[in-house]
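Here is a short report on one helix and one metal site. Keep the model open as you read.

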Amino acid sequence: MRISRITVWQKTLPLAKPYWLSGGRLKFEALDSTFVRIDTDEDASGWGEGCPWGQSYLPAFGGGVRAALELLAPVLIGRDPRDIEVLNRAMDLALPGHPYAKAPLDMALWDLLGQASGLPLHGLLGGAEGESVAVNSSISTGSPEEMVALVEAARAEGYRTHSAKIGGSDPDLDIARIEAIEAARLPEEQVTYDVNRAWTPALAIEVMNAVAARGWFEQPCETLEQCAQVRRRTRQPLMLDECLHGFQDHLEAWRARACEGVKVKPNRLGGLTKARRVRDLGVSLGWRLHIEDVGGTVLADTAALHLALSTPAEHRLASWLCHPHLAEDAAPGQGARNDRGLAVLPKAPGIGVVPDPDWLGAAHATYERPAP
Ligand code: MG
């Protein structure tokens with residue numbers, strides 16, 4: 001089997017309503033997503049998506065994905081798509097870094113490997129642990145009352161694990177947000193307070209030591225070193241997210257005893273291949289994991305949740321889905337969907353999601369095998 005063509009689409013994904021992160025420092029109204037289809041000489045095609053949320057979230061952006069694909073797609077043309085590790089090394093040799101731009105190609109390679117082997121992605125990544133993945137809500141930053149109302153609305157949709165976005169320069173307001181949510185939390189519910197790196201270490205230590213919150217805090221400060229300092233002077237379990245870009249960062253986090261868990265996001269890490277290594281490291285270290293993608297449609301969500309389903313249940317907290325926050329649906333009726341706080345993965349070979357061609361529209365670019 002050889003790769004004969006790679007087609008690229010750009011889609012702007014409007015959010016159903018504006019989304020605030022990091023204590024209101026970051027506002028998002030639409031996401032820039034890139035889709036790839038890898039065609040082969042054996043009539044099989046694999047799909048991938050790269051959506052680094054919004055351009056102010058990570059050192060990654062949609063235009064960067066498409067610019068990098070100009071360099072990366074020709075590296076893959078003519079190669080066997082099933083040689084996934086070989087092709088990842090070839091991409092890393094051709095363009096060091098830029099993990100977020102390699103992720104959609106890597107996703108499409110896994111989709112093709114699944115189809116070639118007749119296995120769903122979770123079967124290739126280790127086998128299903130259970131029947132479904134727990135899904136967590138995502139609660140946008142707001143006043144304490146607004147955030148409690150969002151938790152109650154999420155509860156009505158079946159969510160029992162919540163990720164509440166906090167973090168600002170006013171410690172009293174953050175303490176009020178946390179205490180309001182804790183007071184409204186049901187005994188069986190779990191809340192992670194995601195700061196999205198908005199706090200200084202001093203502010204993090206002040207707020208976390210002032211509240212009686214039982215749950216996790218996530219990425220309180222900008223850097224790994226700052227988060228490790230917070231971890232040493234607080235008692236709540238800590239989850240790290242934005243400061244981890246590669247395998248080495250996870251080793252540093254372990255050496256610094258900076259966290260008890262990490263977010264495993266294929267787009268941030270460079271694809272499913274590299275996310276799987278981090279997942280396996282996290283299982284070995286005894287971490288708890290949130291496995292989900294940075295952003296995107298049901299295609300990216302479903303690919304990431306296949307990795308979640310193949311992870312030992314005691315190591316996964318929950319997985320977030322981006323697509324319910326979007327105003328449009330790329331593949332109606334397909335993929336991992338929230339059903340009362342749980343998502344069931346497709347059993348079809350590969351990822352099991354094919355975007356609607358009418359919704360995708362005209363291609364942004366096409367890369368083909370040069371004539372012999
Ligand atoms: Mg986070």
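The sections below cover the model, a helix and a metal site.

## The model

This is a predicted model: local features need pLDDT of at least 70, side-chain atom pairs count only at pLDDT 80 or more, and totals for chains, interfaces and linings use all residues. Residues are numbered from 1 along each chain as its sequence is written, and side-chain values use heavy atoms, with hydrogens and water left out.

## Helix α5

Helices (H or I, at least four residues) and strands (E, at least two) are DSSP runs, numbered from the N terminus. Helix α5 has 13 residues, 144-156. At 1.5 Å a residue, times one less than the number of residues, α5 should span 18 Å; its end C-alpha atoms lie 19 Å apart, which agrees. After α5 comes Gly158, with a positive phi near 100 degrees.

## The magnesium site

Asp194 (OD), Glu218 (OE) and Asp241 (OD) coordinate the magnesium ion at 2.0 to 2.4 Å. Donors here are N, O and S atoms within 2.8 Å of the metal (3.2 Å for Na, K and Ca); water is not among the atoms, so sites may look incomplete.

The donor spacing is D-x23-E-x22-D. Asp194 in strand β6 and Glu218 in strand β7 are 24 residues apart. Asp194 counts as buried because its relative accessibility is 1%. Glu218 counts as buried at 0%.

Note on methods:
Buried < 20%, exposed > 50% of the residue type's maximum accessible area, 1.4 Å probe, protein only.
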